[in-house]
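Please examine the structure below with attention to its charged side chains and to one pair of strands. The briefing that follows is grouped by topic.

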Amino acid sequence: MMQIKKLTLIHKKDLRVILEDFQLVLNDGDKAVIIGEEGNGKSTLLKWMYDPALTEDYIESTGERIIGRERLGYLPQELPEAEKTKTVYEYFYEKEKFWDQTPKDLAVLARKFGLTEEFFYRDQQMSELSGGEKVKAQMMRLLMEDVTVLLLDEPSNDIDLATLELLEKLIREWEHIVVFISHDETLIENTANMVIHIEQIVRKTKSRYTVAKLSYRTYVEERLQNFERQEQKAQSDRREKALRDEKYRKVYQSVQNALNNCSRQAPSVAKNLKDKMHTVKAMNRRFEKEDARMTEMPEQEEAIYFQLGGAEAAMPAGKTVIEYQLPKLETPDGERVLAENITLKIRGPEKICIVGPNGAGKTTLLKKIAA
């Protein structure tokens, strides 16, 4: 079991509250996805869960983390700088558990990730691996460590479809605890059985979180239904309040006018009107208490959208945008040829997707085209 008690995270620079009194209990079999808009603190929470010291430079935190006998494994969004200059072999051999692996163990693990066992002994620097290969290397090292809690920060970034399917299977079949961040709805729907939703509402001035032991799709649907119900009730309350306030205003004005026009020669009438005014004011105080209990309009964090260009900036269909030829595409170290005789011609508003397995040279080609 892993538990977090009354965690509050405050950004040191602008004193923004990222989380307040956050509570979480995780048990074996829990697959929790952390969702929310960019900048809401998803990665910060995951880092703190792994090691609070990782956030000390920019976050002030209070709260308790109870991990018992759990062994935590963390996959960061970016490979740490200290790891980038290591060779693949150095990256693995510095871990004691690597030496406990038999050649058969390494071969099975490598095949599981679509690699050969020679991958573990490469002299290539970690920084020179493709994005997907970096993720694979990190995941394989975590699995060697016999961890019981996987903390994965956007593990689906930069991996090919085959590895994505493997990742999905790994999370789904993991017997212990998984907490991951992802924007891939298909991955989330197929794996998560718990949702941790972090929001910044009231124009990013107030933090709010939800922990729901539900599948992602069920959570989204129930959240929408609850939002609509609360919105309808809040609107109904406000319509009733408007009618009530109008009636009250008329009664108040009627009594006030009668008091203003009351002659001093009619003291008994004036007394009755003053008593009535006391009753009207008491009624207003009761209304104020009722208003305090009125259904609030639901708050929902709004995503930021932007658009590049517009209809007037449309590209002519026949215009050649890119015409590119490359006799040979090699790895950055020049040791391997990835592809030969590449010819690319893109016209008008065409949208081209470069696909292929990790390490095939997709990013390398894109960098060559952009250079």
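Glu-133 is buried, at a relative accessible area of 5%; buried means under 20%, exposed over 50%, and partly exposed in between (1.4 Å probe, protein chains only). The model is predicted: local features need pLDDT of at least 70 and side-chain atom pairs pLDDT 80 or more, while totals for chains, interfaces and linings use all residues. Residues are numbered from 1 along each chain as its sequence is written, and side-chain values use heavy atoms, leaving out hydrogens and water.

**Salt bridges**
- Glu-133 pairs with Arg-122 in a salt bridge, with 3.8 Å between the closest N and O atoms; the term denotes a side-chain nitrogen of Lys or Arg within 4 Å of a carboxyl oxygen of Asp or Glu.
- This pair links distant parts of the chain, 11 residues apart: Glu-133 lies in helix H5 (residues 131-144), and Arg-122 in the loop between helix H4 (103-112) and H5.
- Helices (H or I, at least four residues) and strands (E, at least two) are DSSP runs, numbered from the N terminus.
- Arg-122 is partly exposed, at 23%.
- Lys-86 and Glu-94 form a salt bridge at 2.7 Å, N to O; Lys-86 is buried at 19%, whereas Glu-94 is partly exposed at 38%.
- The structure holds 24 salt bridges.

**Strands E8 and E9**
- Strands E8 (residues 194-201) and E9 (residues 206-212) run antiparallel, joined by seven bridges; pairing requires at least two bridges found by DSSP.
- Ile-201 stands opposite Lys-206 in E9.
- Four residues lie between the strands of this hairpin, where Val-202 takes a positive phi near 50°.
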